[in-house]
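Visitor: I would like to learn how to read a structure like this one. Please take me through it feature by feature.

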Amino acid sequence: MSIPMVDLKGQMATLMEEVEPEIREVLETGQFIMGPRGKAFEEEAAGFLGVQRAVGVASGTDALHLALLAAGVGPGDEVITTPFTFAATAEAILYVGARPVFADVDRESYNLDPEAVAAAVTPRTRALLPVHLFGQPVDMEALGAVAEEHGLTIVEDCAQSFGAARGGRTTGAWGVAGAFSFFPSKNLGGAGDGGLITTNDEAVADRLLRLRNHGSSRPYYHDELGFNSRLDELQAVVLRAKLKRIRAYNEGRRRVAMAYRRHLADAPVTLPAEVEEGAHVYHQFVLQAANRDEIKAALQAADIASAVYYAVPLHRQPAFAEAAGGASCPVAEELAERVLALPMFPELAKEDVERIAAVVAETARP
Ligand SMILES: *Cc1c(COP(=O)(O)O)cnc(C)c1O
């Protein structure tokens, strides 16, 4: 039996009875965007995450883009971020006319290294854009101290960290805004594209409501240049059903991660660090190994999926090389050669975890 990275079909099957009548109702009423379900989802998500406001948008990429605009980041500004992330993080910075400045990451948490961030600050630095990578919260106390010292705004990339918390405070509740993605394979994923921006600043939230809707706060009056970026009602149906279960889903991921840890404790691999117990939601379980490519091939031969996040750090990508201006991030570059993500989803069976771990343990070399 083959083992996939994620099992979206299996999870959806368990929700079918609940979402089917709701989807039918949306289709029958004909209210497809800006309806009651999207609004209800925003309120429920804000409540769950412990923030004042949440604004649904069309994708995680849009969430980052609009959050940066609402935070006042624009042309001439520098935004310090990580090169060890998905492209959208840096794309959003370029979309608002600012320049991404890549600071190196921490070898153990895979997240931005606050010391590297402090060293990258210049008079043009306007904001920090940390990514809670693979579901592990960034050291927000240390990063917050850097931001405070230099008067910088923080926008969080929470695309992989729905429900992750540090000292009880969820990701998305630290900066001026947090950007979430509901891309189907994310730990809270829709049945298509979607995103959300969280904030505790009412003025930022109200600006976001305009930005996502053509800069308009009442029909056909446009206060500023806006965008078309809304979370639709069909997505809201699926997301509300999954939001009810997100605690259990994240628990399931942690259970799988603990099982991997047990089975791989003696293998010559570096297991993902857990900076704070219970904080990590394991959007991905990413280990490091000297012979990563061999392990990947052995897994493939055993019909087991695995993936490399991320094979090329952003400062080495043609799309960002000019903006990066020859930035040096040796830790990110080394990680790109060593990391391997194993199958991870809440429903992954114990026996499958055992089977996957056995192949890894057999193949890994120091
Ligand atoms: C998925 C992802 C995004 C983009 O989200 P989309 O919904 O696909 O636009 C941004 N940042 C990170 C770290 C991501 O993993």
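**Reading the ligand site and beyond**

Visitor: Which residues come nearest to the ligand?

Guide: The model is predicted. Start with the shell. There are 16 residues around the ligand, and Gly60, Thr61, Asp157, Ser181 and Lys186 come nearest.

Visitor: How do I read the polar contacts there?

Guide: Look for pairs of N or O atoms within 3.5 Å. Threonine 61 has a side-chain N or O atom 2.5 Å from a ligand oxygen. Lysine 186 places a polar side-chain atom 3.0 Å from a ligand oxygen.

Visitor: How much of the ligand's accessible area does the protein cover?

Guide: On its own, the ligand has 380 Å² of accessible area, and the protein covers 92% of that. The ligand sits in the largest pocket.

Visitor: Which helices each supply at least two residues of the shell?

Guide: Helix H3 (60-70) and helix H4 (88-95) do. H3 gives the largest share, three residues.

Visitor: Now the rings. How many aromatic pairs does the structure hold?

Guide: Twelve. One of them joins phenylalanine 84 and phenylalanine 134. For geometry, check the angle between the planes: over 60 degrees counts as edge-to-face. Here the planes are 85° apart and the centres 6.4 Å apart, an edge-to-face pair.

Visitor: What should I look for in the backbone?

Guide: Read omega, then phi. The peptide bond from tyrosine 309 to tyrosine 310 is cis, with omega near 5°. Tyrosine 310 is in the loop between helix H10 (292-301) and helix H11 (318-324).

Visitor: Where is tyrosine 110, and what is its phi?

Guide: Tyrosine 110 is in the loop between strand S3 (99-102) and helix H5 (114-120). Its phi is near 70°, a positive value in a residue other than glycine.

Note on methods:
Residues numbered from 1 in each chain as written. Predicted model: local features only at pLDDT ≥ 70, side-chain atom pairs only at ≥ 80, totals over all residues. Heavy atoms only, no water. Near = heavy atom within 4 Å. Polar contact = N/O pair within 3.5 Å; in protein donor to acceptor, adjacent residues only side chain to side chain. Areas by Shrake-Rupley, 256 points an atom, 1.4 Å probe, with all protein chains shown as cover. 1 Å grid on protein atoms, 1.4 Å probe; cavity = no way out; pocket = protein on both sides within 12 Å on 5 of 7 lines; lining within 4 Å. Sits in = over half its atoms within 2 Å of the grid points. Helix = DSSP H or I, 4+ residues; strand = E, 2+ residues; numbered from the N terminus. Phe/Tyr/Trp six-rings, centres within 6.5 Å; stacked < 30°, edge-to-face > 60°.
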